[in-house]
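Visitor: I would like to learn how to read charged pairs and pockets in a structural model. Could we go through one together, step by step?

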Amino acid sequence: MNLALWIIAIVLAVGFTASGLMKIFRSKEQLVSSGMGWAQDFSPSTIRLIGIAELLGAIGLILPVLVPLAAVGLVLVMVGAAAVHARRKEWPFIAVNVVLMALAVFVAWGRFGPYSLTS
């Protein structure tokens, strides 16, 4: 189980690193034109802040003492993302958010609970 938790954490970290870097380094217009219509609803600084949160969560997922907290933080980011997509009626994106949220919940449960890094 420990190996499964690490594999999922690393996969999440890679995905959130890519997503976060894209939000940090691409302009709002580039994000919108690449299919991220939700970016129209936010200022460039808010989009960068979301990217920074995703990047910090990804870093936390690979630092053993921060894994459970980072996973909880990413669950909260995905709750927010799902709310934005629901408001915009972007149902396929909500499915992606739910899958990522479920994986992060699994990592948080495993690291806070029976497979914590301290045992």
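This is a predicted model: local features need pLDDT of at least 70, side-chain atom pairs count only at pLDDT 80 or more; totals for chains, interfaces and linings use all residues.

Visitor: How should I think about a salt bridge, and how many salt bridges does the structure hold?

Guide: The general idea is that side chains of opposite charge can pair when their charged atoms come close. In this case the structure holds 4 salt bridges.

Visitor: Which residue meets Lys-23 in a salt bridge?

Guide: The side chain of Lys-23 meets that of Glu-54, with N and O 3.1 Å apart.

Visitor: Are Glu-54 and Lys-23 buried or exposed?

Guide: Both Glu-54 and Lys-23 are buried.

Visitor: Which salt bridge does Arg-87 form?

Guide: Arg-87 pairs with Asp-41, and their closest N and O atoms lie 3.7 Å apart. Here too distant parts of the chain are linked, with Arg-87 in helix H4 (residues 67-87) and Asp-41 in the loop between helix H2 (28-33) and H3, 46 residues apart.

Visitor: Why does Arg-87 count as exposed, and why does Asp-41 count as partly exposed?

Guide: The class follows from relative accessibility, where exposed means over 50% and buried means under 20%, with partly exposed in between. Arg-87 counts as exposed because its relative accessibility is 53%, whereas Asp-41, at 37%, counts as partly exposed.

Visitor: Where does Arg-88 lie in the chain, and which residue does Arg-88 meet in a salt bridge?

Guide: The side chain of Arg-88 meets that of Asp-41 in a salt bridge, at 3.1 Å from N to O. Asp-41 sits in the loop between H2 and H3, while Arg-88 sits in the loop between H4 and helix H5 (91-112), 47 residues apart. With a relative accessibility of 26%, Arg-88 counts as partly exposed. Asp-41, Arg-87, Arg-88 and Glu-90 are linked in a network of salt bridges.

Visitor: What should I look at in the largest pocket?

Guide: Begin with the space, then turn to the lining. The largest pocket holds about 500 Å³ of space, and its lining consists of 21 residues, with Lys-23, Glu-54, Ala-81, His-85 and Asn-97 lying nearest the centre.

Visitor: Which helices supply the lining, and what is its make-up?

Guide: H1, H3, H4 and H5 each supply at least two residues, and the largest share, 6 residues, comes from H4. By class, the lining divides into 13 nonpolar, 6 polar and 2 charged residues.

Definitions and conventions. Residues are numbered from 1 along each chain as its sequence is written. Side-chain values use heavy atoms; hydrogens and water are left out. Buried means under 20% relative accessible area, exposed over 50%, partly exposed in between (1.4 Å probe, protein chains only). Helices (H or I, at least four residues) and strands (E, at least two) are DSSP runs, numbered from the N terminus. On a 1 Å grid over the protein atoms alone, a cavity is a set of points where a 1.4 Å probe fits but cannot get out, and a pocket is an open set with protein on both sides within 12 Å along at least five of seven lines; lining residues have an atom within 4 Å of a point. Grid points are joined across faces, edges and corners, and a volume is the space filled by probe spheres set on the points. Ala, Val, Leu, Ile, Met, Phe, Trp, Tyr, Cys and Pro count as nonpolar, Asp, Glu, Lys and Arg as charged, and the others, Gly among them, as polar.
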